[in-house]
Amino acid sequence: MTQTRAALRPTVLTALLAALLSVLLAPAPASAASLQEVTGFGSNPGALKMYRYVPDGLPAGRPVVVALHGCTQNAAGYASGTGWTTLADRWGFSVVLPQQQSGNNLSQCFNWFQPADIARGQGEAASVAQMVDRQLADVSGDPSRVYVTGLSAGGGMTAVMTAVYPEKFAAGGVVAGLPYGCAQAAGSPYVCMYVGATQSPAQWGDRVRAARPGYTGPWPALTVFQGTADYTVKPANMTALVDQWTDVHGADRTADVSDTVAGFPHRVYRGPGGNAVVETYSLTGMGHGQPVDPGTGDAQCGASGAYFLDVNLCAAYRLGKAWRLG
């Protein structure tokens, strides 16, 4: 028996060494992607910061989502709170996260109401457009599948981007935001937010058409999320957005689909070609914020917090499905 044990020792030692070497020589696991700041993305006339999230191993030809935070927020908080980075990992797309600076706006709101920031080739709108171009070049993204969304002031800037740079975006998602040109139509951003502007659908549509003279389409589709108990941005602004973008698309203002999603009224307006051009979610009883639904279920995403409201519906997920991201 003693002799047999001695004979086994080299074999056991060899096996242990082989196992140790296999661990040491195994390729390291891929590190999790993280938010990165990008500098030198253009002339940046709006003096914004650019952040992005690119899932590890993202192949070429994938979509790009631009996500614009609300007042008092920042890129990192909006990235995680909305669930966009989680969905980017799950479905395979990259996210561009512009960030406002206090030197531009003390409350870190995007300046959706300032004429110098909402015109083509100028200010913050031009800075965001330059971020899109840089991102598409860096990740070899699909230029036909670029989308933009945002909350509150970011929602107002979403409407700006789809109006001023319609050729760059396939669709937009406005969360508790404002129609393009609302501050000018109302005479004040505060009147626009707290009351709404009085314009006909044609007048609303003319504001978009004037933002990109000579452009005849295609126009981005639009999805709107609005809380019925929002006293910061009144629900009248969702009605105005429907009027504005159905007019731009040549659609009527009678919903072709009227149903409920997660218990909330949901409407779809189709254009002359039969495709959905405007979609709305009226979030009954919700105040001012981004709808989220924390959890691990397929339709769940986001994290609850200030201006991230757990209403059992995740806006980012609904937008991603509408945009066929996953």
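**A close look at helix α3**

Reply: Let's start where the helix ends: α3 is followed by Gly 92, and the phi of Gly 92 is positive, near 85 degrees. Before going further, keep in mind that this is a predicted model.

Now step back into the helix itself. In α3, the buried residues are Trp 84, Thr 85, Leu 87, Ala 88 and Trp 91. Around the axis they cover an arc of only 160 degrees, which puts them on the same side of α3. There's a handy bit of background here: an α-helix has 3.6 residues a turn, so residues three or four places apart point the same way.

What does that buried side touch? Quite a list: the buried residues of α3 pack against β2 (49–53), β3 (64–68), α2 (75–82), β4, β5 and α10.

The partner to look at in detail is α10. Helix α3 (residues 84–91) packs with helix α10 (residues 315–322) at an angle of about 40 degrees, and their axes are 9 Å apart. Their crossing is right-handed. On the α3 side, the residues taking part are Trp 84, Leu 87, Arg 90 and Trp 91, and they meet Ala 316, Tyr 317, Leu 319, Gly 320 and Lys 321 of α10. Sorted by class, this contact has 6 nonpolar, 1 polar and 2 charged residues. Trp 84, Leu 87 and Trp 91 are also among the buried residues of α3.

From here we can follow the chain onward, through β4. The loop between β4 (94–99) and α4 (123–139) holds Gln 108. Gln 108 isn't a glycine, yet its phi is positive, about 60 degrees. That's worth a second glance, since most residues other than glycine have a negative phi. Gln 108 is partly exposed, with a relative accessible area of 24%.

Arg 120 is found in the loop between β4 and α4 as well. At 33% relative accessibility, Arg 120 counts as partly exposed. Setting aside neighbours within four places in sequence, Arg 120 is in contact with Val 164, Tyr 165, Glu 167, Ala 211 and Arg 212. Its C-alpha atom is 9.1 Å from that of Ala 163, although Arg 120 and Ala 163 are 43 residues apart along the chain.

One of those contacts, Ala 211, takes us to another helix. In α8 (residues 201–211), Pro 201, Trp 204, Gly 205, Val 208 and Ala 211 are buried. Looking down the axis of α8, you'd find these buried residues within an arc of 115 degrees, so they line one face of the helix. They pack against α5 (153–164), α6 (182–186) and α9 (236–249). Past this helix, the loop between α8 and β7 (221–227) contains Pro 218. Gly 217 and Pro 218 are joined by a cis peptide bond, with omega about 5 degrees.

Back to β5, another of the elements that α3's buried residues pack against. Ser 152 lies in the loop between β5 (146–151) and α5. With a relative accessible area of 10%, Ser 152 is buried. Leaving out neighbours within four places in sequence, Ser 152 is in contact with Val 175, Ala 176, Gly 177, Leu 178 and His 288.

You'll find Ala 176 in the loop between β6 (171–175) and α6. Ala 176 is buried, with a relative accessible area of 2%. Gly 177 and Leu 178 turn up again in the contacts of Asn 237, which also include Pro 179, Cys 182, Cys 192, Met 193 and Gly 196. Asn 237 sits in helix α9 and, at 1% relative accessibility, counts as buried.

Finally, the whole chain. Its secondary structure comes to 10 helices and 12 strands, and buried residues make up 52% of its 326 residues. Among contacts with a separation of 6 or more, 66% are between residues 24 or more positions apart.

How far can you trust the picture? The chain averages a pLDDT of 91, and 90% of the residues score at least 70. Residues 1–31 are another matter: pLDDT stays under 50 there, and the model has 1 contact beyond four places in sequence for that stretch. Where pLDDT is low, the predicted coordinates should not be read in detail.

Notes:
Residues numbered from 1 in each chain as written. Predicted model: local features only at pLDDT ≥ 70, side-chain atom pairs only at ≥ 80, totals over all residues. Heavy atoms only, no water. Buried < 20%, exposed > 50% of the residue type's maximum accessible area, 1.4 Å probe, protein only. Helix = DSSP H or I, 4+ residues; strand = E, 2+ residues; numbered from the N terminus. Arc of directions from axis to C-beta. Contact = heavy atoms within 4.5 Å. pLDDT = per-residue confidence, 0-100. Axes fitted to C-alpha atoms, helices over the stretch in contact; angles between N-to-C directions. Left-handed = near helix turned anticlockwise from the far one by under 90°. Nonpolar A, V, L, I, M, F, W, Y, C, P; charged D, E, K, R; others polar.
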